[in-house]
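Open the complex in your viewer and keep the selection panel at hand. Please walk me through it, stop by stop.

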Amino acid sequence: MKLPEFEYVEPKSIRKACQLLKEKGDKAQAIAGGTDFMMALKNRLKVPEMLVDLRGLPHLNRISYSDKEGLKVGALVSLRQLAASPVVKEKYPILSRAALDVGTPQLQAMGTIGGNLCQDSLCLYYNRSPMLRQMLEPCHKLGGKVCHAVSRSKTCWATYCGDIAPVLLVSEAKIIIVDSKGEKIIPLNKFYSGDGKKPNVLKPGQILKEILVPPPSPSSGGAYLKFRLRKTIDYPLLGVALNLTMESYGQICKHAKLALTAVERAPILIEEADELKGKKMTDAVIEKLAKAAYKHAHPLNNICELTPQYRKDLVKDYVKLAVQEAFQFATKGGTI
Amino acid sequence: MKRVIALHINGETYEILVKTNETLLDILREKLGLIGTKRGCDSGACGACTVIIDGEPALSCMTLAVRCQNRSIMTIEGLAQNGQLHPLQKSAMEHDAVQCGFCAPGWLLSAKVLLDNNPHPTLDEVRAAIAGNLCRCTGYRKIEESILAVADWKAK
């Protein structure tokens with residue numbers, strides 16, 4: 001596939017990169033690993049005038065950890081590098097495993113953690129070749145006025161299908177966003193817009209710089225369960241991430257966070273998980289959590305041919321499985 | 001928009017004029033005649049265009065050539081050294097791991113990265129390493145056996 005023409009620039013400082021992205025606005029596109037963007041470019045879903053290569057930016061490919069501050073990951077760290085990092089494997093095993101659940105080994109080596117968090121949302125009516133797209137009226141995501149996934153909808157319903165975001169959400173991660181005015185730290189939960197058209201809140205001139213994950217609590221355990229048709233390559237058709245902290249004795253839950261991906265326009269934190277605090281992990285409590293997750297999931301038939309109800313039904317089973325797995329890690333004294 | 005870049009391919013340095021919108025695969029196949037690297041899906045899903053960039057597996061169809069300035073690239077043409085086939089290539093022949101051959105340049109390089117980092121992989125590790133390389137002929141079994149056999153040779 002021949003690519004459209006564009007200007008290519010490689011700024012050497014974050015300040016310069018922000019300035020270029022701001023000046024050019026919608027006409028510029030930042031590129032890190034490029035695995036998500038290159039397909040959009042090949043399919044002419046994005047046709048920027050200027051490509052701003054972030055890979056030359058200093059210090060953004062580093063991972064550091066301290067017991068007090070937790071984990072700090074530069075946005076340009078590749079998923080392969082993240083998965084192989086000894087400290088990530090030891091302290092945040094679900095993050096390491098989730099990185100290996102993304103795409104294929106090649107895509108993990110090329111793709112970055114920052115790029116994964118900024119991954120565009122998917123819709124079978126949008127992510128198709130230019131020729132096939134011509135057969136349909138342009139949808140909201142293409143600048144048109146219709147939605148083919150949800151008829152008569154006034155907004156875009158493209159689904160967010162990232163694997164790393166739900167895991168970082170249940171780990172209560174924060175991110176550092178930088179622009180020409182300086183840096184700001186926001187919880188990852190505030191990064192996603194819930195708009196299929198543009199799934200995150202980054203504005204032109206802003207760059208996702210680093211990811212901060214608090215240190216894991218003792219007696220905590222985690223799980224990330226990904227449902228897909230093939231064990232490789234595929235995006236999640238459902239992803240369930242759970243982080244469970246238990247009281248150091250007995251069966252009482254101290255803290256729980258649950259998040260879903262691929263069933264909404266953003267990765268979603270299930271707030272009802274907070275109600276587990278202080279409760280014994282009985283079947284009734286787990287069932288209630290599974291039902292809450294089920295209620296918040298809104299899968300559509302715009303990312304695969306399985307019926308949405310099938311994927312919605314799976315949410316309950318996957319939440320229960322995730323609780324079992326996380327509980328085992330937590331009570332064995334493992335960490336998430 | 002064009003630019004001259006230096007590419008280190010299979011131990012040789014090439015200075016080459018590339019367009020910003022050309023992929024590494026375009027350059028390898030069409031400018032340098034290194035047609036061992038295959039164009040399969042051209043969309044990052046099949047792994048036929050796999051090369052090794054700075055020791056890591058990469059999809060050349062999804063990599064802009066202009067971003068490879070000064071990087072070390074190995075293609076399938078660089079796997080045999082001094083006229084001697086690489087053990088992975090010999091093993092592939094012995095185990096009949098190649099049928100139509102279209103996927104072979106890709107999985108051989110994925111397997112090389114695996115063995116470079118982990119000389120004695122388990123079957124699951126072999127499967128994970130070649131999970132990004134689609135093969136429509138062999139059913140993978142013989143590919144897996146041929147890679148595991150190399151690991152065993154090295155152990156002896």
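The tour below goes from the whole complex to single residues and back out to the interfaces.

**Stop 1: confidence**

Keep in mind that this is a predicted model. The predictor assigns the complex an ipTM of 0.97 and a pTM of 0.96. Colour chain B by pLDDT: the average is 96, and 98% of the residues score at least 70.

**Stop 2: domains of chain A**

Select residues 1-57 of chain A, then 220-331. The domain assignment makes these domain 1 and domain 2 of chain A. Their C-alpha centres lie 35 Å apart.

**Stop 3**

Start with A:Ser13. It sits in the loop between strand S1 (7-9) and helix H1 (14-24) of chain A. Is A:Ser13 buried or exposed? A:Ser13 is exposed, because 11 other C-beta atoms lie within 10 Å and the cut-off for exposed is 12 or fewer. A:Ser13 and A:Leu54 are 41 residues apart along the chain, yet 9.0 Å separates their C-alpha atoms.

Next, pick A:Arg44, in the loop that links helix H2 (35-42) to strand S3 (50-53) of chain A. Check its backbone: phi is near 60 degrees, a positive value in a residue other than glycine. Most residues other than glycine have a negative phi. A:Arg44 is partly exposed, with 13 other C-beta atoms within 10 Å.

**Stop 4: a covered helix**

Select helix H5 of chain A, residues 93-100. Which residues of this helix are buried? They are A:Ile94, A:Leu95, A:Ser96, A:Ala98 and A:Ala99. Now show what lies over them. The cover includes helix H3 (79-84), helix H4 (86-91), helix H6 (105-110) and helix H9 (164-170) of chain A. Strand S9 (220-227) of chain A is also part of the cover.

**Stop 5: the sheet of chain A**

Stay with S9 and bring up its sheet. Four strands of chain A form an open sheet in the order S9-S10-S11-S12, with antiparallel pairing. S9 and strand S12 (268-269) stand at the edges. Each has a single partner strand, so one side of each is left without a neighbour in the sheet. Zoom in on strand S11 (residues 253-261) of chain A: two bridges join S11(A) to S12(A), and the two run antiparallel. To find this pairing, select A:Ala259, whose bridge partner in S12(A) is A:Leu269.

**Stop 6: the core**

The largest nonpolar core holds 151 residues. Which members touch the most others? Select A:Leu242, A:Leu258 and A:Val319. Helix H11 (residues 308-331) of chain A gives this core its largest share, nine residues.

Centre the view on A:Leu242. Leaving aside neighbours within four places in sequence, A:Leu242 is in contact with A:Val170, A:Gly222, A:Ala223, A:Leu258, A:Ala322, A:Val323 and A:Ala326.

**Stop 7: domains of chain B**

Move to chain B. The domain assignment gives domain 1 (2-78) and domain 2 (87-155). The C-alpha centres of these two domains of chain B are separated by 22 Å. Their contact takes 15 residues from domain 1 of chain B and twelve residues from domain 2 of chain B. On the domain 1 side, S3 and S4 of chain B are the elements that give two or more residues. The largest share of that side, three residues, comes from S3(B). By type, the domain 1 side divides into eight nonpolar, five polar and two charged residues.

**Stop 8: a hairpin in chain B**

Zoom in on those two strands. Strand S3 (residues 50-53) of chain B pairs with S4(B) in the antiparallel sense over four bridges. One bridge links B:Val51 to B:Ala58 in S4(B). The two strands form a hairpin with two residues between them. In the turn, B:Asp54 has a positive phi of about 50 degrees.

For another positive phi, select B:Tyr140, where the value is near 75 degrees. B:Tyr140 lies in the loop between helix H4 (123-129) and helix H5 (141-155) of chain B. With 18 C-beta neighbours inside 10 Å, B:Tyr140 counts as partly exposed.

**Stop 9: where the chains meet**

Show both chains. 20 residues of chain B are in contact with 23 residues of chain A. Which element gives the largest share of the chain B side? Strand S4 (residues 56-59) of chain B does, with four residues. The chain B side divides into nine nonpolar, eight polar and three charged residues.

Notes
Residues numbered from 1 in each chain as written. Chains lettered and ligands numbered in written order. Predicted model: local features only at pLDDT ≥ 70, side-chain atom pairs only at ≥ 80, totals over all residues. Domains from an automatic or database assignment. Buried ≥ 20, exposed ≤ 12 C-beta atoms within 10 Å, placed from the backbone. Contact = placed C-beta atoms within 7 Å. Nonpolar A, V, L, I, M, F, W, Y, C, P; charged D, E, K, R; others polar. Core = buried A, V, L, I, M, F, W, Y, C linked by C-beta atoms within 7 Å. pLDDT = per-residue confidence, 0-100. Pairing = 2+ DSSP bridges.
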